[in-house]
Amino acid sequence: MTTLASRIERASARGAITFVTGSGEERVSWARLHEDARRMAAGLQASGIAPGSHVAILGATTRPLVTAIQATWLCGATVVVLPLPMRLGSIEEFVHQTRVRVKNADVELVLVDPDFAPFLDAAPGDPPMVLFDEVTGTDARYERPPDDTDALAILQFTSGSTSDPKGVMLPHRTVLANVDAIAAAAQLDVEDDVLVSWLPLYHDMGLIGLLTMPMATGVDLVLAAPQDFLAAPARWMEWIAHYGGTATAGPNFSYALAARALRRSAPLDLSRWRLGLNGAEPVDPDAVEAFVAAGAPHGLDPGSVFPAFGMAEATLAVTFPEPGSGLRIDSVDLAVLERERYAAPAEGEGSRRLARLGRPVPGLEIRVVDPLGNVLRDREVGELQVRGTSITPGYYKRPDVTAASFDGDWLRTGDLAYGLEGELVVCGRIKDVIIVGGRNVFPEDVERAVANVEGVRPGNVIAFGVDGRNGRESLVVVAESRGEDLDLTRKMVGERVIDAVGIPAREVVLVEPGTLPKTSSGKLQRSLCRDRYLSSDLIPI
């Protein structure tokens, strides 16, 4: 086991990274990017950055940002990639959260894209802020630090409550263990594979899976910015077709957008695409099947669908399916699942379809336990726990949270799941389950059902429980809407909730688009939405 710097140095002899925008491209060999990173590393060292330093990096997905990430590793320092603002209206929150992360991470230097510098005027006590180009024009000479496999490579902030982001510590040994596990489980071919990504580099899937992995192996990468995908989702498919992409990744909502784009698209050649990882949020089988159907006329192999499970605390990947196996479903009795926490096989009405997420990647083990810590059998639902070579040693300067997150050397994930013939099936988050009349109602079931109501913005629905009469929980649904007849939309949402889970909603709250709280990676935040509802901070329309 070495460090990222050593692996990057060896891998730079082959392959290239192509930066694409809505209007052009720039192909740069990994060797050339490595030369640029060495020059920037020399400038960072001249600024006092050394092994053990923490460097925060803020910028859009560009060549300078990628160079800065590699340069930080070449110095032996720790990378802290800062999230970008989700919406124009969230600039104040973005500035506040940026300062919180910089302080919590003990950052010594903030490297900034010039476009974002105006938002971060330094306050007393803040670390110095330097623009990307200010550390590339020096005459300093790069001095290669010694390798330290236990040194922190990445401080990855979790995308949970934005009021208390926790820094996941990822030493070089854990990052490389997961990079190697991903390459093995995905059957990576460094001579033939072409990875395509638009994922943000401040999120673990984008930073580790689709930047660090190709950078450390020399595989070709086509890299775009999230805003270019979101502005025109068809571009993702066009990039894959144009560059002969073989592997990519995205959250469930992105495949729903891609399916819509493919149905309207001129013919594309997606025949080389062999692996489309679907992760970062619960996999919706209906959305995946719609994507496969939309891609069929363009040569998409149904076996390329790749539902997986991962988390920042495991560096990234936890379970992968066999490449080429496609979407595989386990259909279970919803009533039994909710009341008995047992995944009894069932089909048709009253069933819930769950994606099988494959087996642990090399170096990791999984188990499912009950609240007393007893290991459960196949189809018995409990908490998923993980251990192995790529598990974080803990949260930065949060020994309390670290201690609460481990059962011995097993990481408590907080996910409800069950095993099936050695594979993983995830049901939902423990903290989000709504307990009504002895039933464990999963908010995902409500949210997916409501997302199809006319007037509701797909992917912008949150369901949660609140205390009702006699201490019993009741169900609340909050949805963003552009509908003209709001009363009709509320009525339809209420009916859909009853159809989906057989329980009436205590209240249906319709809000303006852009209202629902989301993490830096775009995940909906149920607990924060619930807090705002209870404090009357949600403004209905």
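Which residue in strand 8 is the bridge partner of Ile 154? It is Leu 170. The model behind this pairing is predicted, so to speak of local features a pLDDT of at least 70 is needed, side-chain atom pairs count only at pLDDT 80 or more, and totals for chains, interfaces and linings use all residues. Strand 7 (residues 152–157) runs antiparallel to strand 8 (residues 167–171), with five bridges between them; two strands count as paired if DSSP finds at least two bridges. Six of the six residues of strand 7 are buried, so the strand is largely enclosed by the rest of the structure. Here, buried means under 20% relative accessible area, exposed means over 50%, and partly exposed lies in between (1.4 Å probe, protein chains only).

His 172 belongs to helix 5 (residues 172–185). With a relative accessible area of 3%, His 172 is buried. Setting aside neighbours within four places in sequence, its contacts include Thr 2, Thr 3, Leu 4 and Trp 73, along with Asp 148, Leu 152 and Ala 153 (contact means heavy atoms within 4.5 Å). Helix 5 also holds Arg 173, while Asp 150 lies in the loop between strand 6 (129–131) and strand 7. Arg 173 and Asp 150 form a salt bridge, with 2.7 Å between the closest N and O atoms, so parts 23 residues apart in sequence are tied together. A salt bridge is a side-chain nitrogen of Lys or Arg within 4 Å of a carboxyl oxygen of Asp or Glu. Arg 173 is partly exposed at 31% relative accessible area, and Asp 150 is exposed at 52%.

There are 35 salt bridges in the structure. One of them joins the side chains of Arg 27 and Asp 220, at 4.0 Å from N to O. Arg 27 is in strand 2 (residues 25–29) and Asp 220 in strand 10 (residues 220–223), so this pair ties together parts 193 residues apart in sequence. Arg 27 is exposed, at 56% relative accessibility, while Asp 220 is partly exposed, with 21%.

Another salt bridge brings together the side chains of Asp 445 and Arg 352, 2.8 Å from N to O. Elsewhere, salt bridges with shared partners join Glu 26, Arg 32, Asp 36, Arg 39 and Arg 63 into one network.

Arg 352 turns up again among the rings: its charged end sits over the ring of Phe 442, 4.7 Å from the ring centre. Likewise, the charged end of Lys 166 sits over the ring of Tyr 395, 5.7 Å from its centre. For a charge to sit over a ring, NZ of Lys or CZ of Arg has to be within 6 Å of the ring centre and within 35 degrees of the ring normal.

Rings of Phe, Tyr and Trp (its six-membered ring) pair if their centres lie within 6.5 Å; planes under 30 degrees apart count as stacked, over 60 as edge-to-face and the rest as tilted. The ring centres of Tyr 255 and Phe 291 are 5.1 Å apart and the planes are at 75°, so this pair is edge-to-face. It links helix 9 (residues 252–264), which holds Tyr 255, with helix 10 (residues 285–295), which holds Phe 291, over 36 residues. Tyr 255 is buried at 4% relative accessibility, and Phe 291 is buried at 3%. Phe 306 and Phe 320 are also edge-to-face, 5.0 Å centre to centre with 80° between the planes. Phe 306 lies in strand 13 (residues 305–307) and Phe 320 in strand 15 (residues 317–320), 14 residues apart. Phe 306 is buried at 1%, as is Phe 320 at 8%. Tyr 255 and Phe 291 also belong to one aromatic cluster with Trp 198, Phe 229, Trp 236 and Trp 273.

Zooming out, the chain has 15 helices and 28 strands, and 57% of its 541 residues count as buried. Among contacts between residues at least 6 apart in sequence, 70% join residues at least 24 apart. The C-alpha atoms fill a box of roughly 70 × 55 × 50 Å along the principal axes.

How values were computed: Residues are numbered from 1 along each chain as its sequence is written. Side-chain values use heavy atoms; hydrogens and water are left out. Helices (H or I, at least four residues) and strands (E, at least two) are DSSP runs, numbered from the N terminus.
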